[in-house]
Amino acid sequence: MTEAAQNAIELAIFQSSVHSIAEEMGAALRRTAISPNIKERRDYSCALFDRQQRVIAMGDHMPVHLGSMQLSVEAAVARLALKDGDIAILNDPYAGGTHLPDITMVLPIFVEGEGAPSFYAATRAHHADVGGMFAGSMGTAREICQEGIRIPPVHLMHEGEMNQAVLDLILHNVRTPEEREGDLSAQIGSCRVGERRMKELVAKHGLTKLTTLSTELLAYSERLMRAELRKLPAGTFAAEDFMDSDGITDEPIRIAVAIALDPESGAASIDFRGTSPQVAGSINAVYAITYSACFYVFRCLLSDEAPATAGLMQPIAVTAPAGSFVNAQMPAAVAGGNVEASQRIVDVLLRALSKAAPQRVPAASYGTMSNLTIGGLDTRVGRPFTYYETTAGGMGARPGLDGISGIHCHMTNSLNTPIEALEYAYPFRVRSYAYRSGSGGAGEFVGGDGLVREIELLDDAQVTLLADRRRFHPYGLAGGAGGAVGATQLEHADGSVETLAGKCSIHAKRGDVVRLETPGGGGWGVPSARAKSTAR
Amino acid sequence: MQMRIAIDTGGTFTDIVYLNEGKLAVLKVFSTPADPGKAVMDGLAQLKPSGDVVVRHGTTVATNAMLERKGARVAFVTTKGFEDTIAIGRQARPKLYDWFQPVPECLVPAELRFGVAERVGAGGELLRGVGEEDLQRVCAAIAASGVDAVAVSLLFSFANSENEAKVAAALRALGLPLSVSHRILPEFREYERASTVVANAYVGPKVGSYIATLANSVARAYPKGRLEVMQSSGGIISARIAAEEPVRTMLSGPAGGVIGAYKLARLAGFDRIIGFDMGGTSTDVCLVDASTGGPRISNESMITGIPVGVPMLDIHTAGAGGGSIAQFDAGGLLHVGPESAGSDPGPICFGRGTKPTVTDANLVLGRLDTNRFLGGTVSLDQERAASWMDKAKVSLASVEEFATGILRVIETSMEKAIRVISVERGYDPRDFTLVAFGGGGPLHACALARALQVPRVLVPALPGALSAVGILLADTVREYSRTVMRAADADLEEVFVAMEEQGHAEFRMDGLEGVAFRSVDLRYAGQGYELNLPYDAETVNAFHALHKRRYGFANEQRAVEIVNVRVRLVAAAEPFEPVRESVVEGDGAAALVGTRAVYFDGVELETRLYERAALHAGDTFAGPAIISEYSSATILPPGDVVRVDALGNLVIEVHG
């Protein structure tokens, strides 16, 4: 076969094979994990890396993990001399992690006769609890040490043997050790699936050929991205947006970005200078989160089949000033950076891009995952319970298309818990679950509506909310109106109503009803254009 | 005497399979898409059966109504405050990285969603009854809306059906077809249940009138005849039930394929199979293991993006078919599928298309007969294919190289699909036999088996009509379920007995006697997924063991709960004892009709061509060879050895 055929066909097959391995790792993890967060909400990712720790394949899992997995592998390799049979574990946001509940494992894949790893397999899963001052480890802390156990890159497995000391140390610092141990075992199994399958590929094709193909795959991805960047106009496009507050002071947090596009060389640089300093509350983003958001946005410019490899980011430089809200440093608390800051960073990037390519970018989506945690004693069974869920909102309108109502966008895609499952599991009665009519921004194309959910508490409980977009609307584009901001109320049994802040933790009584209204998406285009088109 | 005839509607042909002196026989007539029943009656007329004719039908009417979104205008009635849940679904988007994905259209538009103020709690307690005035208001609004059908699904209706029954009774007065959740799917998870009930209402009027008309035609032509229908779970139901619960027929034809592949493979001595059915736009794969109870049933299927919770065979579909289009992207990578040329414009070689497809690639490599495609209904233009492929091959040296690449890429996609149903579910493909059918299955089976290290390929007799074979041989089955959410040691006798009585009564209406099989869905308390196990004294132990096998761990200390109880009522089909030919060792020379140059892995080899109909039991020979038959061809690569067994199956030993 000619060399050209080698490129087009061998590469297609290689890409498909490694992607299928990453998917298979994910299936193994989902099948063997215990906690609903992994099994049902599917908050995990699996990926493969080349010898230089560049990602060559990632399963279609959680967008917020795009790009940031690579930083975990780099950190593990930098800190540890990994040998055959080792597995590194880490969650420290200041050493390759994102926020503490996300625990990553890295397995070096050794091919016989090679002194160094030829590939790496890694899995990341969101664990339901990693200790700290709040059950669920997602509360309103003020420094990272309050958020749970920090694990720097360390050996969990040593040449095939479990490092029991490390495992015990972790399990002694979490609320549900049995569940954690099960989920960690599932992650080990998933890494092993990646190792076994990669070794099968090596046996079939030989290491030299696979190494060449890996490099080719990265070069191909880079070509794809450069081809796309060549279609965008030259110039620097700046934008800003705000988060309401960090939940401790009322100060808005500014996120600013300037995207410089260079179509001539097919490159882009993204600069977050001008962003607010890191804050006292728990919604700071570490660099990994910011990098993931950039990866996500530029990956979406490509077609659906484009492989999520490190090559895609080769032409793109990301600058985030250390100590700023988008590159927080010790000892900032960061639990909410993953879920809240990440969405706003995407909003800002889209706003800047819309100035370069107005026809290719949607208006702002709901922009907050409305993380709701309710904990207390379930008197029906006499056992404590902790409920955690995110609620979707409205998607921003697209040029040519309305936004979708009540759907997760951008950095998450977790499923909701069925109402009937919820009422079996917790002392709740759901009173309504509906579209929040009229919350989508007006426009030639309207933003999607948010959702309304009312939960009546059948027992006293602690209610913790981590939500944003209570002051700053999801923006519209091209003359479209912004989406409605979110709101939360607590209706007491006596009929009085209390408005809750976006970020709060309160004691609620049996009979109280939590009413959550999530933001709508922004509109696109001037509303009068829609009126005209309907009139016709 | 009773004569059973299976008739399966396909895209091009309607296949009629029946037993002729102990052997399966097939008759193919052209399908009549505007009125599929016409082809059914045409086929029967040609066959001229006598005696008590039982027509068993595989229909695509329900599936097509869903695919084309041409179902009824449906009103949806649910608990007040939850009218939108049918549209919100699970709040997740189908595509992660596509900002321009279309706005999903709910089968029920907002103005046809109605709420009744009522409530049942998780324990089945009636928290709020249905108010007469409220009910009359909803009935009046629905009457005024001009809908064709009504679907009702109230919260926790499976735990206490009193409110729902009351609502249904009032709605019945409207005289519209009515689908009610506690009758169709009394299981928890409100969205999936409601979606199933709405889907039933949506396809109901179409399927109902189709079945009624066809049943009448059959009755007119054969006074003692009757019509039965294949359901998605692989069991037969009466025409009456199919018309009432058409949602059970969504995978009617594909389910026939699975049952056919499984039954024929077992007769040939193979108990663990992977079914591989490749058609024009997609490939269906399934895994059946006799040692774990036969065909796997899923209660979580999606049909065209809509969850349908009634039992269906676990069939996985990949967008890889003969019509899959090959093209290079901006980075120079070759993609094949999921975009398909379909039948219009179709592959280049059909005469109208201009984009290279898998069928074009097979043709230019010498792997297809130009005059026998789809039973000779389409003649293939090799020159046209080669000329357009030459323009599309970019930097590749030759059309053959391009075509070889297309096949390798599409076979990788099909390999992925098989991995999903095997490796990802804890099975090792090396323990299985690949059963190839459909027009394209036998073309690609050996290459695929090699890639997956599957040791053996079986191409059954009649690979192009296997769905009809399965429909002919299937048992009659009725499935009942109910969510109970009880501790594992709860007394469920009453629930089971009630379900069995209902089942026996329904069977008697159709003159049937059935055997009931009890099973339960269990999980560790608090888990989100259940495992189904037979219900007996050993159920809980068996659950721990299965959990361990499937998920790698078990915890005998942890509380186990029973989520759903299930009864499967089965009236077994008459056993099929096929006539076995005597085996005479031979080399197939009598069936050799010529040779042709064919490309294998980029190398051109002189390849022997055999006519399958002329082969005999005991014939054994090695590749490279092509074995042609009506509507399909088996590619035997160099090194692989085929043997014709006593039942006329091709059994191929694949050498890795």
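Tutor: Domain bounds here are taken from an automatic or database domain assignment. The model is predicted, so that local features require pLDDT of at least 70 and side-chain atom pairs pLDDT 80 or more, while totals for chains, interfaces and linings use all residues. Residues are numbered from 1 along each chain as its sequence is written, and chains are lettered from A and ligands numbered from 1 in the order in which they are written.

Student: How far apart are the centres of domain 1 and domain 2 of chain A?

Tutor: In chain A, domain 1 covers 3-222 and domain 2 covers 362-536. Their contact (C-beta atoms, placed from the backbone, within 7 Å) takes 12 residues from domain 1 of chain A and 14 residues from domain 2 of chain A. Taken over C-alpha atoms, the separation of the two centres is 33 Å.

Student: How is the side of domain 1 of chain A that touches domain 2 of chain A divided by class?

Tutor: Ala, Val, Leu, Ile, Met, Phe, Trp, Tyr, Cys and Pro count as nonpolar, Asp, Glu, Lys and Arg as charged, and the others, Gly among them, as polar. On that side of domain 1 of chain A, the division is five nonpolar, three polar and four charged residues.

Student: Which element gives the largest share of the side of chain A that touches chain B?

Tutor: The interface brings 58 residues of chain A into contact with 53 residues of chain B. By class, the chain A side holds 30 nonpolar, 14 polar and 14 charged residues. Elements giving two or more residues to that side include α2 (36-39), α9 (419-425) and β14 (428-436) of chain A. The largest share, 16 residues, comes from α1(A).

Student: Are α5(A) and α6(A) roughly parallel or roughly perpendicular?

Tutor: Helices (H or I, at least four residues) and strands (E, at least two) are DSSP runs, numbered from the N terminus. The axes of α5 (177-205) and α6 (207-229) of chain A come within 7 Å and cross at roughly 115°, in a contact whose residues include A:Leu201 of α5(A) and A:Leu210 of α6(A). Because angles of 65 to 115 degrees count as such (under 35 being roughly parallel, over 145 roughly antiparallel and the rest oblique), the two helices are roughly perpendicular.

Student: At what angle do α11(B) and α12(B) pack?

Tutor: B:Ala386, B:Met389 and B:Asp390 of α11(B) meet B:Val399, B:Phe402 and B:Ala403 of α12(B). Axes are lines fitted to C-alpha atoms, for helices over the stretch in contact, with angles from 0 to 180 degrees between N-to-C directions. The axes of α11 (382-392) and α12 (399-421) of chain B lie 9 Å apart, at an angle of about 85°.

Student: Which strands are the edges of the open sheet of chain A?

Tutor: Four strands form this sheet in the order β13-β12-β16-β19, with antiparallel pairing; DSSP must find at least two bridges for two strands to pair. Within the sheet, six bridges join β12 (371-378) to β16 (461-466) of chain A, and A:Thr373 stands opposite A:Thr464. The strands that pair on one side only are β13(A) and β19(A).

Terms used:
Contact = placed C-beta atoms within 7 Å.
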